[in-house]
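Please read the numbered points with the sequence and the model at hand.

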Amino acid sequence: HLGVSRALAEHGEPRAGRPGVAALMAAALPPVYVHSPEYVALCDSLCKVPKRASMVHSLIEAYSLLDQMKDEASGFCYLNDAVLGILRLRQKFDRVLYIDLDLHHGDGVEDAFSFTSKVMTVSLHKFSPGFFPGTGDVTDVGLGKGRYYSVNVPIQDGIQDEKYYQICETVLKEVYAAFNPDAVVLQLGADTIAGDPMCSFNMTPEGVGKCLKYVLQWQLATLILGGGGYNLANTARCWTYLTGVILGRTLSSEIPDHEFFTEYGPDYVLEITPSCRPDRNEPQRIQEILNSIKGELDHLVQAFTRRGA
Ligand SMILES: [Zn+2]
């Protein structure tokens, strides 16, 4: 898992700079890369994704992206846990927005905060009979005081970058206006990427990167996490590319020579090509879903207006 955060530590704290970091400080909030050898070893031992953390970490290192970030060792596994990460952020920020772009519904995080209006959860995911975990229909909007603070975007197989980004931008624009977040936790599972054994969506890292850029232009404190991703080489490609996006770096197409180089054959390039899987998302159904989400979020806008009046 990848943990990159922007200014989770003290705002305005002077940072003894490595070259490169200073420029980012002037621009906005300095990125911090959270990892430790113990943390990588622990993630590597997960049976579903053996060695994945090492592969991601060493590809990020091979592209020299670490030189540009403040490096923060951490032995705390809460940094890998979205719920505990949100609770930690809540100590400093009033309203926290959780955005989950993993292939699966972010049910655990939604459940944890379904009764509160302080944390809004947004999940874009595959929603299909028999597909895990089976929750997250568009009608699932939260409960009690948290009603309208859960947003779910059910998507079908085969979606590609352009349509996915349009959906993501439309939803996030409405969410931002309705909720006015103070901080963001962004989960970027790579199981949506073409070539994943989940065989569902047909995305590339560029499409996910556009969604990431949209969130970063808010210039809020943002904690960025990995997630699913079971084609290990593609997951490492994806999270390395996204780390480049965070740093404003364009990465060369050729995978640099490093410990896991042979995993990237036969082409040894950073880019991922979409497959020819058909897109099962009807434009009309997508529009219905977006209209429904806008209708639910309007309840919040009206509530704020009433309170302000
Ligand atoms: Zn997943």
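1. Buried means under 20% relative accessible area, exposed over 50%, and partly exposed in between (1.4 Å probe, protein chains only). Helices (H or I, at least four residues) and strands (E, at least two) are DSSP runs, numbered from the N terminus.

2. As to provenance, this is a predicted model, in which local features need pLDDT of at least 70 and side-chain atom pairs count only at pLDDT 80 or more, while totals for chains, interfaces and linings use all residues. Residues are numbered from 1 along each chain as its sequence is written, and side-chain values use heavy atoms, with hydrogens and water left out.

3. In a regular strand, side chains alternate between the two faces of the sheet. In β4, Val-96, Tyr-98 and Asp-100 are buried on one side, and Leu-97 and Ile-99 are buried on the other, which leaves both faces covered.

4. β4 pairs in the parallel sense with β5 (residues 119-126) over five bridges, and also in the parallel sense with β7 over five bridges. Two strands count as paired if DSSP finds at least two bridges between them. Val-96 has Val-119 as its bridge partner in β5 and Ala-183 as its bridge partner in β7.

5. A right-handed β-α-β unit is formed by β4, α5 and β5. Right-handed here means that, with the strands pointing away from the viewer, the path from the first strand over the helix to the second runs clockwise.

6. The zinc ion is coordinated by Asp-102 (OD), His-104 (ND1) and Asp-191 (OD), at 1.9 to 2.0 Å. His-104 lies in the loop between β4 (96-100) and α5 (107-113), and Asp-191 in the loop between β7 (183-187) and α7 (205-216), so the pair ties together parts that are 87 residues apart in sequence. Both His-104 and Asp-191 are buried. Donors are N, O and S atoms within 2.8 Å of the metal (3.2 Å for Na, K and Ca); water is not among the atoms, so sites may look incomplete.

7. Which residues does Glu-110 touch, not counting those up to four places away in sequence? Glu-110, placed in helix α5, touches His-105, Thr-121, Asp-140, Ser-150 and Asn-152 (contact: heavy atoms within 4.5 Å).

8. Gly-108 is also found in helix α5. This residue is partly exposed, with a relative accessible area of 43%.
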